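These are my notebook entries on a structure that I looked up piece by piece. Each entry records one topic.

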Amino acid sequence: MQCVSQKKKNKIMVTDFIDSVLIIDDKEEEVKALQKVLEDEDICVQFINPTGKKATDLPVLKKNRDLIFMDLSLDDDEKMIGNISKIRKILLNILPKNKGCYGLVVWSKHIDDIDILKKKLLKDKEEYTLPMFIVPFDKTDYLQRGYGNILNDLNNVLTSDKLAYFFLSWRSSVQIAADSAIFDIYSLVPEYENQQKELIYLMYKMALNHTGIPVDHIENYDLTTDAYKAFDELLYSDLINQQNKNSINIFKPTPQNPYNNADNKKNEIFSKLNSKMFIDKVNIQQDYIIPGNVYEIIGQNLVRPKLPNKVKDVEKYIAIELTPPCDFSQKKKINSRLIKGFLCDITHKEKFKNEFYYKDMFPLAIEENNNLQLVLDFRYFETVEDSVLKDENKYKVLFRVSPKLFADILQKFSSSYARLGLSKIE
């Protein structure tokens with residue numbers, strides 16, 4: 001665990017974000033010096049010699065490794081394709097089932113062989129987690145001059161790979177921010193004998209504050225999950241306040257759009273990003289009505305918004321609960337306030353032109369569909385009793401929108417309802 005008071009560096013080193021390494025090689029004596037260099041940096045090292053063993057007989061990693069050193073020629077009697085096949089089988093069998101990020105350092109003299117390896121590994125993307133990056137190093141050079149400079153060499157390679165540098169740097173900063181968040185909470189109650197009582201209560205208050213759920217509503221509600229979400233917000237606060245402003249500018253030169261004339265691929269990627277940022281599916285329960293919950297309209301006798309011209313069908317008719325959070329948390333709410341709308345294909349987005357539509361959220365990935373748009377029709381505003389909204393035969397809860405999206409919807413709905421207009425004589 002890194003100390004939260006650690007001073008920021010102008011440039012990260014690999015030792016800042018590598019805690020554990022796996023070395024897979026058929027010649028242990030050739031990598032013992034490498035193992036010592038890593039261990040001298042307080043990096044935990046494990047060695048596996050796959051010679052004479054089936055991939056299924058190798059030990060399965062119980063935890064992820066930050067870096068894997070792999071000899072591309074595990075069997076000198078095999079051709080390159082055969083060795084690459086062996087590497088794929090090893091990764092398939094030893095990697096832990098939980099998906100973790102790691103980098104692959106391959107001992108090889110030939111860049112072309114690395115390109116073949118990358119293409120072959122892509123075929124396994126559904127089988128196990130692929131490495132974030134694959135970099136080639138020539139082991140012969142290190143056997144001749146020693147491994148003393150290998151961490152600097154690795155650092156130089158990674159800083160030239162802007163993506164690898166960014167994500168490894170960000171991952172390191174997340175760990176620092178997590179340590180900082182925990183340290184800040186514990187520092188509020190430094191006396192060990194008081195922590196179980198006082199800190200648990202503070203976390204309880206933070207969990208209540210996350211959704212604003214009233215105390216008398218939580219009997220069967222999973223408040224612990226909301227405590228995790230509250231700590232996620234603390235983590236975010238610490239994270240944005242400690243990012244290294246002197247890091248490498250990864251956007252120089254300015255990236256060019258690779259998705260020209262590839263709308264389907266762009267929509268699929270963007271929709272998944274939007275859903276991660278704006279859709280919450282964790283701890284969403286039918287029996288707990290919380291502002292921002294989005295429901296599918298199930299009941300056949302319930303009012304559904306009228307479709308605009310040229311829109312013949314939609315994925316789902318939906319309703320969003322739009323009670324102001326302050327009314328909800330202060331128990332001023334009497335009934336649920338609903339705005340109704342649609343989840344529809346984004347090919348219809350040009351047909352929602354009137355000011356009474358909320359139409360800004362697209363594309364979204366909901367269930368198996370990557371091309372959806374969330375549309376709300378502010379004219380379809382109604383109040384219903386909570387018992388109606390809890391009835392799965394009438395409304396089925398789908399997800400909850402993020403606080404940022406909820407605030408945008410509420411603001412635009414309020415603006416639409418507050419407009420006066422001017423009836424003038426012409």
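**Entry 1: basis.** I am working with a predicted model, in which local features need pLDDT of at least 70, side-chain atom pairs count only at pLDDT 80 or more, and totals for chains, interfaces and linings use all residues. Residues are numbered from 1 along each chain as its sequence is written, and side-chain values use heavy atoms, with hydrogens and water left out.

**Entry 2: the whole chain.** I looked up the secondary structure and found 13 helices and twelve strands; helices (H or I, at least four residues) and strands (E, at least two) are DSSP runs numbered from the N terminus. The C-alpha trace spans about 90 × 60 × 45 Å along its principal axes. The protein chain has 426 residues, and 44% of them count as buried. For this term I note the cut-offs: buried is under 20% relative accessible area, exposed is over 50%, and partly exposed lies in between (1.4 Å probe, protein chains only). The accessible surface comes to about 25,100 Å², with 51% belonging to carbon and sulfur atoms; such areas come from the Shrake-Rupley method with a 1.4 Å probe, and for residues only the protein chains shown count as cover. I also looked at contacts (heavy atoms within 4.5 Å). Among those between residues at least 6 apart in sequence, 73% join residues at least 24 apart.

**Entry 3: helix α13.** Helix α13 covers residues 403–418, and its 16 residues reach 22 Å from first C-alpha to last, close to the expected 22 Å. The expected span is 1.5 Å times one less than the number of residues. I list its buried residues as Leu 405, Phe 406, Ile 409, Leu 410, Phe 413 and Ser 416. Down the axis of α13 they fall within an arc of 130°, so they line one face of the helix; the arc is that of the directions from the helix axis to the C-beta atoms. Pro 403, Lys 404 and Ala 418 are exposed on the face turned away from the buried side.

**Entry 4: helix α9.** The 19 residues of α9 (residues 223–241) should span 27 Å, and the end C-alpha atoms are 28 Å apart, which agrees. Its buried residues include Leu 223, Ala 227, Lys 229 and Leu 239. The buried residues of α9 pack against α7 (162–188), α8 (192–211), β6 (279–280) and β12 (395–401).

**Entry 5: salt bridges.** Side chains of opposite charge can pair when their charged atoms come close. I found 20 salt bridges in the structure, each a side-chain nitrogen of Lys or Arg within 4 Å of a carboxyl oxygen of Asp or Glu.

- Lys 86 and Asp 75 meet at 3.7 Å, N to O. This pair links distant parts of the chain, eleven residues apart: Lys 86 is in helix α3 (residues 80–94) and Asp 75 in the loop between β3 (67–71) and α3. Lys 86 is partly exposed at 30%, and Asp 75 is partly exposed at 23%.
- Arg 145 and Asp 153 meet at 3.6 Å, N to O. Arg 145 is exposed at 53%, whereas Asp 153 is buried at 18%.
- Glu 268 and Lys 272 meet at 3.5 Å, N to O. They are four residues apart in helix α10 (residues 263–278), so about one helical turn separates them.

**Entry 6: Lys 139.** Which residues are linked with Lys 139 in a network of salt bridges? I found Asp 25, Glu 30 and Asp 71. Lys 139 belongs to helix α5 (residues 139–145) and is buried, with a relative accessible area of 8%. Leaving aside neighbours within four places in sequence, Lys 139 is in contact with Asp 25, Glu 30, Val 31, Asp 71, Trp 107 and Tyr 147.

**Entry 7: Asn 64.** Asn 64 lies in the loop between β2 (44–48) and β3 and is buried at 18% relative accessibility. Not counting residues up to four places away in sequence, Asn 64 touches Ser 20, Pro 96, Gly 100, Cys 101, Tyr 102 and Arg 171. Asn 64 and Lys 97 are 33 residues apart in sequence and 9.3 Å apart in space, C-alpha to C-alpha.
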